[in-house]
Amino acid sequence: MTEAQEVTEPTEPPKARWRLIGPGLVVAATGVGAGDLVATAVAGERYGYTLVWAAVLGCLIKISLAEATGRWHLATGTTIFEGWRSLGRWTVGYFAVYVTVWGFVYGATAMSASAMPLVALWPDGPSLRTWGIVTGLLGLVCVWFNRYAVVEKLMMGFVGVMFLVVVGVAIRVGPDTAALGAGLLPVLPDGSVLYTLGLIGGVGGTITLAAYGYWVTAKGWAGPRWIPMMRLDNRTAYATTGIFVIAMLVIGAELLNSAEIALASGDRGLLDVGDILEDRFGAATANLFLVGFFAASFSSVIGVWHGVSLLFTDFVGHVRPDRVIPPEDRERSWPFRAYLLWLTFPPMGLLWLDEPIGLILTYGVLGAFFMPFLALTLFWLLNTSRVTTQWRNGPVSNLMLLGSGVLFLVLCVQQIRDLPW
């Protein structure tokens, strides 16, 4: 598509109704997993409240990326994959490799992350491997037999649990409100530049941001008149995420920084937080935190299983133009279910490997490559005649997309440099 699509429906936005909010919470909950909780807790552990501003900026960047994705879908009536394809055939090959390898490795990562708090809650119960398989199968069942409306309700339930648990624990720990306020001023502690950039870039999702437009469509929003509602939905979701992330940073600052306790790397670091909470507040608070840990991890399973499967379905439909699948049929189509199976069963084999280092490194590098691709292609697409003038990027959106694209390129280069060549 080279010219902006003509839209005949009215462009006045519908009256904003809070009860319509949903897709934004789905994309935010999917993007904020155990790894984000660890990253923000470690930021609090290392630097106290100094990097609050970086966590907030990370949320603003994700608001801009998700808004741009949703605006493309609603303003043009086409999907983000159609937009990518209009940029050249190279995008098809890029996406095919990425979605295949990423899905294989992420499936195992997500199942392991969801299993960890369950093992901690029931130490004498099933093994990590068994719980991982159970959570993968539960994710498969939740998405296979339900459509978006049910998935949204499940995700909003998990958001509620995550929010109440983590914010409640942060309040119980007792934030230093003066230091928290001071942390909103941009300051870079010595030796923290790359770490800070990683914190900004890592809060709230990668490929799942590209799924936002598909969830907006599944919600029934179509045409430019829904853009104001989409923006309200998106901003509300990431404001909630911002509070959630700051609460986790408070936990890191108050529990870990003052006691000079270092977390373990990876998702396992959250188990350390649970142990510290148990020592300080008792088993009930620690178990409640583990429930929040599970909600954060398992919500990512459901969100990825649904959202990235929609992306893959659109990809297959446009690689085979004679088999383009209408939006209302995507969740029951064979590509959707084939990718669900790909996310679930092949990755289970990785649960039997003690240290699948090579695949984890591949996952990290591919993840680092996707965010600059998303940010810079959205910058390109939304400044062209593919979109009507009214809905093209403004100065703020251009600044956020271009700035985040450069940020993600820097992080990508650093990720490659850190590989053990």
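1. Of the 421 residues of the chain, what percentage count as buried? The figure is 55%. Note that this is a predicted model.

2. Secondary structure: the chain has 16 helices and 0 strands. Contacts between residues at least 6 apart in sequence were also sorted by separation, and 85% of them join residues at least 24 apart.

3. Two helix pairs are described next. In general, a pair of packed helices is described by the angle between the axes and the distance between them.

4. Helix 5, residues 90-121, and helix 13, residues 283-319, have axes that come within 9 Å and cross at roughly 160°. Angles over 145 degrees count as roughly antiparallel, so helix 5 is roughly antiparallel to helix 13. The crossing of helix 5 with helix 13 is left-handed. Sorted by class, the residues in this contact are 26 nonpolar and 5 polar, with no charged ones.

5. Helix 13 also packs with helix 6, residues 128-144, at an angle of about 50°, the axes being 9 Å apart. Helix 6 and helix 13 are therefore oblique to each other. Their crossing is right-handed.

6. Which residues of helix 6 and helix 13 meet? From helix 6 these are Thr135, Gly136, Leu138, Gly139, Leu140, Cys142 and Val143. Their counterparts in helix 13 are Phe294, Phe298, Val301, Ile302, Trp305 and His306. By class, the contact of helix 6 with helix 13 has 9 nonpolar and 4 polar residues, and no charged residues.

7. Helix 1, residues 23-31, is mostly covered, with 9 of its 9 residues buried. The buried residues in helix 1 are Pro23, Gly24, Leu25, Val26, Val27, Ala28, Ala29, Thr30 and Gly31.

8. Is Ala55 buried or exposed? This residue lies in helix 3, residues 52-76. Ala55 has a relative accessible area of 1%. Buried means under 20%, so Ala55 is buried.

9. Surroundings of Ala55: leaving out residues up to four places away in sequence, Ala55 touches Leu199 and Val245. The C-alpha atom of Ala55 is separated by 8.6 Å from that of Leu249, although the two residues are 194 residues apart along the chain.

How values were computed:
Residues are numbered from 1 along each chain as its sequence is written. This is a predicted model: local features need pLDDT of at least 70, side-chain atom pairs count only at pLDDT 80 or more; totals for chains, interfaces and linings use all residues. Side-chain values use heavy atoms; hydrogens and water are left out. Axes are lines fitted to C-alpha atoms, for helices over the stretch in contact, and angles run from 0 to 180 degrees between N-to-C directions. Helices (H or I, at least four residues) and strands (E, at least two) are DSSP runs, numbered from the N terminus. Angles under 35 degrees count as roughly parallel, over 145 as roughly antiparallel, 65 to 115 as roughly perpendicular and the rest as oblique. A crossing is left-handed if the near helix is turned anticlockwise from the far one by less than a right angle, and right-handed if clockwise. Ala, Val, Leu, Ile, Met, Phe, Trp, Tyr, Cys and Pro count as nonpolar, Asp, Glu, Lys and Arg as charged, and the others, Gly among them, as polar. Buried means under 20% relative accessible area, exposed over 50%, partly exposed in between (1.4 Å probe, protein chains only). Contact means heavy atoms within 4.5 Å.
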